[in-house]
Amino acid sequence: MEPTQAFDPNRTMIAPPAGQPTMAMPAGSMAQPAQSLVAKLTPSRPATMANGPAREQFLLEITSPNNDLPGVASGSVRTPLNLCLVVDRSGSMEGQPLEYAKQACTYVVDMLSPNDILSIVTFEQFVELLMPPQRVTSKDPIKQGISRLTPGNTTNLYDALNMAMQQVISFQEGKRATRVIVLTDGDPTEGIKDFATLVAFAGELKAKGITTTFLGFGGDYNEELLAGMAKRAGGNHYFIPRPELLPEIFRTELEKLFTLTGQNLRLQMKLARWVKLRAATGHNVPPGDREFELTLTDLERGATLQQVFDFEFANHPLGHYRVATGRLLFDDSTTGQPSSMEIDFEMEFTADAARYSAPANPVVTQASDVAAASRAVERTIMGLKTGQITSMGAVAELQKTQALLLQDGRISEAQEVTMALRALQSGDHGTAEKTLMGTVVQLDQGKKQS
């Protein structure tokens with residue numbers, strides 16, 4: 001086996017010097033079919049200091065290229081879905097909220113095709129399977145069933161998720177995008193209500209290959225709970241301040257699903273004995289762990305997932321070394337098959353001060369700053385909640401984050417920060433905090449749209 005293929009980061013590298021972006025290669029034969037994802041690894045500097053403590057960053061970019069077929073209109077070929085809608089119809093949804101929720105669900109039905117699988121779960125004190133999983137071949141009966149929904153009593157989120165899981169599992173397959181979309185407007189008040197248990201259960205769904213998106217509606221839901229569940233479930237998190245926005249949010253989520261190319265991304269990492277990981281975008285890796293797996297978000301066409309790794313090296317002699325190895329595993333939605341690629345983190349150790357003191361690659365620095373912005377936003381949220389930061393102080397901090405996001409081309413996240421700034425300036429701290437929790441989830445995912 002060639003050195004670059006061995007999953008052993010402690011072997012000395014005899015490859016050409018590192019420093020240029022490295023294209024990761026698929027595992028196995030060079031002649032295998034092209035994959036839907038491409039990975040590129042860029043170190044912060046071409047070389048770092050030998051024979052002394054050093055610290056460098058690597059930027060891993062996983063991209064799903066927007067490659068439309070010749071003669072085929074963009075977006076004309078889409079990924080079939082295995083979708084479950086989970087709709088809160090507790091008493092607090094009575095009136096306009098539930099009517100808009102029904103309208104949004106009807107809108108989803110109209111967007112689907114006979115090749116899509118749809119199931120619908122509703123919940124209040126009791127959980128009801130409104131529609132078992134089936135192809136969307138006859139839309140009118142589905143929409144009639146949705147129109148008859150009425151409000152109930154309390155909110156049983158856990159059992160609703162459990163039922164949704166049972167529905168989508170029976171139709172999981174490689175070429176079908178599996179997703180659960182949950183809409184709720186309040187705290188769980190029935191069944192299992194414990195924060196840690198609910199967040200852990202969201203992680204269990206992800207481990208079964210079920211990505212879950214959480215939509216928080218109105219001003220009374222627990223944004224920390226839904227954001228925590230969205231992170232563990234690998235899905236998106238949206239704050240919906242007004243009911244008339246519901247159909248648009250559903251449309252946005254479905255359009256992403258229609259172009260999904262890579263699902264259930266996992267990055268298995270193994271560090272050399274003399275390497276420590278200080279930070280990784282959106283992940284809390286226990287200090288000292290040398291082997292671990294990072295769960296990453298799904299990728300649609302045209303999107304790039306950026307992960308920054310901050311490594312610390314003990315005294316190390318001159319030469320080229322593999323400091324870590326990675327193996328990216330994912331389900332390729334274009335082929336319907338599981339796939340993988342190997343990623344080598346290589347670094348040259350040198351005594352040339354001019355080389356190891358060179359300015360860091362600005363692309364890596366920019367990505368690192370964006371990753372750090374998530375923690376800055378979290379501190380702002382917590383400061384507002386505890387009163388340790390004033391509205392004026394929060395505005396000043398958020399304006400810095402807004403400028404950084406705009407500079408990096410992250411328009412969606414910058415728009416959310418703008419909404420939070422407007423809410424703060426009008427004295428609405430609750431809306432600002434809920435909006436910013438969605439921003440934190442997106443930044444921790446590291447996903448960037450082209």
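The model is predicted: local features need pLDDT of at least 70, side-chain atom pairs count only at pLDDT 80 or more, and totals for chains, interfaces and linings use all residues. Residues are numbered from 1 along each chain as its sequence is written, and side-chain values use heavy atoms, with hydrogens and water left out.

The secondary structure comprises 11 helices and 19 strands, these being DSSP runs numbered from the N terminus (helices H or I, at least four residues; strands E, at least two). The protein is as compact as a globular protein of its length, because its radius of gyration is 23 Å, close to the 22 Å that the globule rule gives for 450 residues. That radius is taken over C-alpha atoms, and the rule is 2.2 Å times the number of residues to the power 0.38. Along the principal axes, the C-alpha atoms fill a box of roughly 75 × 55 × 45 Å. Of the 450 residues, 54% count as buried (under 20% relative accessible area, with exposed over 50% and partly exposed in between; 1.4 Å probe, protein chains only). Among contacts (heavy atoms within 4.5 Å) with a separation of 6 or more, 77% are made by residues 24 or more positions apart.

Six strands form an open sheet of mixed pairing, in the order S8-S7-S6-S9-S10-S11; two strands pair if DSSP finds at least two bridges between them. Strand S8 (127-135) and strand S11 (234-240) stand at the edges: each has a single partner strand, so one side of each lacks a neighbour in the sheet. The twist averages 10° from one strand to the next. Within this sheet, strand S9 (residues 177-184) and strand S10 (residues 211-217) run parallel and are joined by six bridges, with isoleucine 181 opposite threonine 213 in S10. Helix H1 (residues 96-111) lies across strand S6 (81-88), strand S7 (117-123), S9 and S10, and runs at about 170° to S6. Such angles run from 0 to 180 degrees between N-to-C directions, and the axes are lines fitted to C-alpha atoms, for helices over the stretch in contact.

The loop between S10 and helix H5 (223-233) contains glycine 218, which counts as buried because its relative accessibility is 16%. Leaving aside neighbours within four places in sequence, glycine 218 is in contact with Phe239, Ile240 and Lys434. The charged end of lysine 434 in turn sits over the ring of tyrosine 221, 5.0 Å from its centre (NZ of Lys or CZ of Arg within 6 Å of the ring centre and within 35 degrees of the ring normal). Arginine 78 likewise has its charged end over a ring, that of phenylalanine 258, at 3.9 Å from the centre.

The structure holds 13 aromatic pairs. Rings of Phe, Tyr and Trp (its six-membered ring) pair if their centres lie within 6.5 Å; planes under 30 degrees apart count as stacked, over 60 as edge-to-face and the rest as tilted. Phenylalanine 309 and phenylalanine 345 form an edge-to-face pair, 5.5 Å centre to centre with 80° between the planes. This pair links strand S16 (residues 303-313), which holds phenylalanine 309, to strand S18 (residues 337-350), which holds phenylalanine 345, across 36 residues. Phenylalanine 309 is buried at 0% relative accessibility, and phenylalanine 345 is buried at 0%. The rings of phenylalanine 313 and phenylalanine 349 are also edge-to-face, because their planes stand at 75° with centres 5.4 Å apart. One aromatic cluster brings together Phe58, Trp274, Phe309, Phe311, Phe313, Tyr321, Phe345 and Phe349.
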